[in-house]
Amino acid sequence: MGSKHTHRMHAAVAATALAVAAPAATAETRGYAISLIYTASYHSPENCPQGGNGGPKEMKTRILMSRGYSKEKALEVIANDDTDEKGNRIDFRTRGQIDGKPASVTTFPQSYPDPHIETAQGRFAYGFDLDGQAGPNSFEDPETHQQGVDNQMWRVLGCFANYWVRRPVIPYNESIVWDTAMDSMPAWLISISGEDLGKDGPVTVTFDRALNVLMRDAVGSVLPGSSYTIDDDPRSHSVFKGQIKNGVVTVEPASFFMQGESQFYALLRLSQAQVRIYLKPDGTVHAVLGGYQPWLDYYHYLAIRGEGDGLVDLPGVYNAMKRLADANPDPATGQNRDISAAYYIEAAPVFQTSLDGRVVSTAYIGERAPAKVVASE
Amino acid sequence: MSGAAKFLIAALVGVCTCVAAATDQSAPAAEPAGALYLVRLTPIQYERSIRDIFGSSIQIDVNRAAPGFRDEGLLALGSRRLTITSAEMQQYEKLAQDVATQVVQPNRRATLLGCKPASEKAADDKCAAAFLQKVGLYLFRRPLSADELQTFVATQTAAAQRFASFDAGVRAALARMLVTPEFLFRVELSEPDQGRAGTQRLDAYSTASRLSYFLWDSVPDADLFAAAESGKLLTQAGLEEQVRRMLLSPRVEGGLRAFFSDMLGFDGFATLSIDSTLYPRFTKNVLEDADEQTLRTIVEQLLVRNNDYGTLFTTRETFLTPSLAALYGVPLPRSQEMGGAVPWVPYTFAEGDPRVGILSQASFLSLNSHPGTSSPTLRGKAVREKLLCQKVPPPPGNVDFSLVQDLNNPNFKTARQRLTAHATEAMCAGCHKITDPMGLALENFDTASGFRTKERGEPIDASGSLNGKPFNGIVELAQVLKEQPSTTACVINRAYSYGTQRKPTVDERKWLTELQAQLGKDGVRWRDLMQRVTLGPDFFAVPSQATAEPATQAPTQTTAAQSE
């Protein structure tokens, strides 16, 4: 490190210590780094009365049976590494057709007939009442028991075996991708500001992207107490006004935008977004984030992974999303471009600093939280 | 070198036939001119020496030579009794081949060789001899004898002929030099001290080596060798000139680091285990950074700022990495590093923060803990033994630890409660009385060095006293320790023993007592201490067997029991 740089950093850190020690701060800001984000899944047996869509094996079986194979014969082909009795390997990805030629259903999901996947029924799904109306397509949130929850994304995905989980288990494909992204993607940050977060009152919730990747602790989770510099790119900066009551934060709807560098969450953008955050005594938080999301964004999450790793039937998902999308109609066609969705978030307490070295949020770690810092402007 | 000396050196590494072959075991054993001491290079000294001789770009594999054992609290003293096992010799063989191969690589050879061989495909004795003689001075830390040079040149000739390559010849000769005992051990030879009849002192080249490995933890440089060759180094004026020059060199940081790594027992990090399930914030990065944090703190305080040694216990200034900052629960603005080297950042803990001095750092707290729980006894013992140079007796063999180790007993939630109950047994009370008060003052830090105010819901009482001085918590303990005469005396004694790599004689202990009294008033500043020690009357003297008989305690040392 050059001496000039060292001097600059020294000055910044000295200022940090003073800021943390400020005794008469009028507000506090707690910082968090998202340690896990995944499609909010709440599986119940009654969700899929027809038995569900299964996974890749069931999908391939259905495709082969549609081509005249018996179920037994189809399973034989799949067991034989997708190779038929004549030794020909079946390429399921290029089962679509455009102008009579094979086409990838990943890139061109409309090149294959809609398989009409089973969509989730049932009573529960995570999320929020985004449109203020409770109707036959609404769910009940399993945590808050709020009625009128809009989560058509869950309806699309909820009958694939990959999503037949409940926390703390998370969809397998997403867990793999997130775990990989943790070591290479800039961290996603949350901060909560208020007069006294130990009491009820108004708060501000801010989402930012960091310039640094997540740091892991000795068991592979996010390292509590680690520090992150906030990227001042205004795109990935979403602010919500809200309230904290009994340790739970709720907010007024606003737009949410976060740029990632992950295979799955390359981009997460929601309109009319809401978030509900639970502050836990150990300093961590968990949260539900919901809103209307461009359904093609999510489709691309899955398409990038392909059917083998995404563990879904892509033409089926594409057509179901298109069919069940419930917001933002195209003025020309009337086709809804957004779909209601919800994500579950877990986050660890971390420090957040600005590019000039100011500490703008404090890690609330267990019994001894460092002194409060003044909330950032 | 005398025949007896050669024989002794060869016997030490007799496991390696190639080394034995390089020495003249058949030479008649003549009466040695003086005493002979062999001190094995530490792994760090090996690395530093190689890089100082052949350049910092030389890559050296991890040197897994055993650290040896402690004598009087220092590995340096134990290294006088170290030999080389056959497994270690195999490793040194490989290291030697690796280093020699790198030295003859074209980019380095052009700089290091200093001559152009007549042919790249044949031996060139003249060119090789010039090179081997030059590096031999640094590797053996004395000029090669004519016989030695001839031996290595012959190795070069044979290998070059066999492989039809000049480089192969030089490589073979150099690799052979790198596994000789004369390189792997510092060979200290004595001679009669002309100024003090009837006494022995180190000869000029041994004096140069002792000086450079003490102050720099590495080989002498050209100026120091020149002073040895001319004999100036054996004069008081010449010695003073060299010491002053060497203490102004940036290489003095290497000596400082080596001394404190030894004194503070940082070799313990090689086997340190902290339960990651219980303490997930104690990461692998923390393990790698912990001793470096303390060494950087020491370098900053003692070298850069020229502060008194006692400052190490009370300073709020240190250096942190992102991992250490997270462990300590403080923010550390980070630049955007994506897989690059983790930067060290200067950091000052705020007034009121409990992190003061090196006792609040992971290198002390975690190194002196059990894997799953803190240990006031281990920490207190470490303060007594490492920082006050006192001895704490080992526990008796039949002691019952069940009360101390039962962390689930609802009646004894804190370490103080468990130790108080344990110490009701008479055989335990004596020792715990001397270790625990200081260790309990550090109980606000858990095994992983994280801060806490409670243990299992019970508030921690961190009060105690040392020599009648009360304290409550680390900030006050640090101040009390800083003001203890034993603290100053300990580092002075340790530095002297480390430098001479032996226990002080009776006369030396008297001299050290005077030095302690003086520095107790003036403060212990590193360069000043090094100058006083190396210019002291006996630093390069070779005690006779009678006067070298060590006392069990250094001059102002007291036993722990006496001071509590």
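User: What makes up the domains of chain B?

Analyst: Chain B is split into domain 1 (3-188), domain 2 (270-334 + 342-482) and domain 3 (484-563); such bounds come from an automatic or database domain assignment. Over C-alpha atoms, the centres of domain 1 and domain 2 of chain B are 43 Å apart. The model is predicted: local features need pLDDT of at least 70, side-chain atom pairs count only at pLDDT 80 or more, and totals for chains, interfaces and linings use all residues. Residues are numbered from 1 along each chain as its sequence is written, and chains are lettered from A and ligands numbered from 1 in the order in which they are written.

User: Why is α24(B) called oblique to α25(B)?

Analyst: The axes of α24 (residues 485-500) and α25 (residues 506-522) of chain B come within 10 Å and cross at roughly 130°. Axes are lines fitted to C-alpha atoms, for helices over the stretch in contact, with angles from 0 to 180 degrees between N-to-C directions. Angles under 35 degrees count as roughly parallel, over 145 as roughly antiparallel, 65 to 115 as roughly perpendicular and the rest as oblique. Therefore α24(B) is oblique to α25(B).

User: Which residues of α24(B) and α25(B) meet?

Analyst: Contact requires C-beta atoms, placed from the backbone, within 7 Å. Among those meeting are B:Ile492 and B:Tyr496 in α24(B) and B:Leu515 and B:Leu519 in α25(B). The residues of this contact divide into 7 nonpolar, 4 polar and no charged. Ala, Val, Leu, Ile, Met, Phe, Trp, Tyr, Cys and Pro count as nonpolar, Asp, Glu, Lys and Arg as charged, and the others, Gly among them, as polar.

Conventions
Helices (H or I, at least four residues) and strands (E, at least two) are DSSP runs, numbered from the N terminus. Two residues are in contact if their C-beta atoms, placed from the backbone, lie within 7 Å.
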